[in-house]
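The structure comes first, and the description follows.

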Amino acid sequence: MLPLNNPNPDVLTHLARPLPAHLRLRDATLADLPTIVDIYNSTVPMRTVTADTEPVSVESRLPWFHAHGPRTRPLWVAQRTDTDQLDGWVSFSDFYGRPAYRATAEVSIYLAETARGSGLGRTLLAQALASAPGLGISTVLGFIFGHNEPSLRLFRSFGFTPWGTLERVAVLDGIERDLIIMGRRVDNTTAPVLDSSTRI
């Protein structure tokens, strides 16, 4: 399992959620990018997760991949130890490309179709939040469509609250959709509000 970049034991106690024995979390490599893109593209038809309306290519995601790095903006994959299959991925990305926002990051979680509903999303979010202070991140944001209730429920269960609503900014299949900005502080004095019943 990927070591958590956070020396504070209180934060780890509250946030760390062990991965299942059949999974390990590791830094993504370029060889993983086709599968990462496949997992992303599998969510496009759902019309609840991404604003892309058509599948994206591996080549188009190369700049995004190279914008990540293990020290401050990691891209991690959840890999099965029995088959080496990737069940999902989680990343931190810049919120806005200005130095003053360096301590604020957007978290994204995407799961393979076979892994949805297993609780893996909850596990990956917990791992990400536990690692955030060690990555220099004190504020974590999630950008979630207003009609994506499972993801909103997941983020609320970790203490995220709505920090803003962009009304009708996306059009999916002719329907205008809201975008909710979910936010929370992650530092050595903040403990999450956890609801263990949420699975995603």
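The chain has 5 helices and 7 strands, where helices (H or I, at least four residues) and strands (E, at least two) are DSSP runs numbered from the N terminus. Along the sequence they follow the pattern α-β-α-α-β-β-β-α-β-α-β-β. The model is predicted, and for that reason local features need pLDDT of at least 70 and side-chain atom pairs count only at pLDDT 80 or more, while totals for chains, interfaces and linings use all residues. Residues are numbered from 1 along each chain as its sequence is written, and side-chain values use heavy atoms, with hydrogens and water left out.

Of the 200 residues of the chain, 46% count as buried; buried means under 20% relative accessible area, exposed over 50%, and partly exposed in between (1.4 Å probe, protein chains only). Among contacts between residues at least 6 apart in sequence, 68% join residues at least 24 apart, a contact being heavy atoms within 4.5 Å.

**Aromatic pairs**

A pair of aromatic rings is described by the distance of the centres and the angle of the planes. Rings of Phe, Tyr and Trp (its six-membered ring) pair if their centres lie within 6.5 Å; planes under 30 degrees apart count as stacked, over 60 as edge-to-face and the rest as tilted. The structure holds 7 aromatic pairs, and two of them are listed here.

| Pair | Centre distance | Plane angle | Class |
|---|---|---|---|
| Y40 and Y110 | 5.1 Å | 50 degrees | tilted |
| F95 and Y101 | 5.3 Å | 80 degrees | edge-to-face |

The buried residues of α2 are L33, I36, V37, I39, Y40 and N41. An α-helix has 3.6 residues a turn, so residues three or four places apart point the same way. The cover over the buried residues of α2 includes α3 (62–66), β2, β3 and β4.

Rolling a probe the size of a water molecule over the atoms shows where empty space is left. On a 1 Å grid over the protein atoms alone, a cavity is a set of points where a 1.4 Å probe fits but cannot get out, and a pocket is an open set with protein on both sides within 12 Å along at least five of seven lines; lining residues have an atom within 4 Å of a point. Grid points are joined across faces, edges and corners, and a volume is the space filled by probe spheres set on the points.

There is 1 cavity of 30 Å³ or more, and the largest cavity has a volume of about 30 Å³. Its lining consists of L33, I36, V37, Y40, V56, R61, W64 and W89. Helix α2 gives the most to this lining, with 4 residues. By class, the lining has 7 nonpolar, no polar and 1 charged residues; Ala, Val, Leu, Ile, Met, Phe, Trp, Tyr, Cys and Pro count as nonpolar, Asp, Glu, Lys and Arg as charged, and the others, Gly among them, as polar.

**The largest pocket**

The largest pocket holds about 770 Å³ of space. It is lined by 34 residues, of which V49, S108, I109, Y110 and F143 lie nearest its centre. The elements that give two or more residues to the lining are β3 (86–94), β4, β5 (139–145) and α5 (149–157). Strand β4 gives the most, with 6 residues. The pocket lining has 18 nonpolar, 11 polar and 5 charged residues.

**Two single residues**

I144 lies in strand β5 and is buried, with a relative accessible area of 6%. Not counting residues up to four places away in sequence, I144 touches S151, L152, F155, D178, L179, I180 and M182. D84 is found in the loop between β2 (75–80) and β3 and is exposed at 52% relative accessibility. The C-alpha atoms of D84 and R24, 60 residues apart along the chain, are separated by 9.5 Å.
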